[in-house]
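Open the model in your viewer and keep the selection tool at hand. The stops below say what to select next and what is there.

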Amino acid sequence: MGSGLLFIGRSGIGKSECVLDLVERGHRLVADDVVQVTRRGNDVLIGRGMSWRRTTWRSGAIGLIDIPALFGVRSVRQQKRIEVVVQLDDWETARDTDRTGLAREETMILDVAVPRVVVPLNPGRTSPSSRRWSR
């Protein structure tokens, strides 16, 4: 819906698969693995991908993917304002998770406070064979 999301989390938690599901639903990809963040003015953060990695993308569960070839040239963009950080964490039953969205958390990037949403995940991913575009 026009908001720039920056997904963070430990290696192998499923960031690429979550983002790929969003691209499959019509959202646009800016970067994978390495995001160059620059600050404009007092509180604007811009995220960019590495120019040499803009069209091919690596997913641990699937392999190399050419996003524009699969989803069209409008599925990628060069830059986007970062407005929300989405932190993917391992699910812990003992952990008290806010399910209402009332607790506001923030993270600092280049001295700019950015809203942060923590999403706990259970083990398991979308099977590559269940994707409609895999054959």
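## Stop one: Ser75

Select Ser75 and Gly72: a polar atom of the Ser75 side chain lies 2.6 Å from the backbone oxygen of Gly72. That is a polar contact, a pair of N or O atoms within 3.5 Å; within protein, one must be able to donate a hydrogen and the other to accept it, and residues adjacent in sequence count only if both atoms are side-chain atoms. The model is predicted, so local features need pLDDT of at least 70 and side-chain atom pairs count only at pLDDT 80 or more, while totals for chains, interfaces and linings use all residues. Residues are numbered from 1 along each chain as its sequence is written, and side-chain values use heavy atoms, with hydrogens and water left out.

Ser75 sits in the loop between α2 (67-71) and β6 (79-81); helices (H or I, at least four residues) and strands (E, at least two) are DSSP runs, numbered from the N terminus. Is Ser75 buried or exposed? Ser75 is buried, at a relative accessible area of 4%. Buried means under 20% relative accessible area, exposed over 50%, and partly exposed in between (1.4 Å probe, protein chains only).

Now show the surroundings of Ser75. Leaving aside residues up to four places away in sequence, Ser75 touches Val23, His27, Arg28, Leu29, Ile67 and Pro68, where contact means heavy atoms within 4.5 Å.

## Stop two: salt bridges

Side chains of opposite charge can pair when their charged atoms come close. A salt bridge here is a side-chain nitrogen of Lys or Arg within 4 Å of a carboxyl oxygen of Asp or Glu. How many salt bridges does this rule give? The count is three.

Select Arg10 and Asp90, a salt bridge whose closest N and O atoms are 2.9 Å apart. Arg10 belongs to the loop between β1 (5-9) and α1 (15-24) and Asp90 to strand β7 (residues 84-90), so this pair links distant parts of the chain, 80 residues apart. Arg10 is partly exposed at 43% relative accessibility, and Asp90 is partly exposed at 35%.

Next, select Glu105 and Arg116, which form a salt bridge at 2.8 Å, N to O. Glu105 is in strand β8 (residues 105-109) and Arg116 in strand β9 (residues 112-121), so the pair ties together parts eleven residues apart in sequence. Glu105 is partly exposed at 32% relative accessibility; Arg116 is partly exposed at 22%.

Finish with Glu106 and Arg104, whose side chains meet in a salt bridge at 3.3 Å, N to O. Glu106 is partly exposed, with a relative accessible area of 42%, whereas Arg104 is exposed, at 62%.
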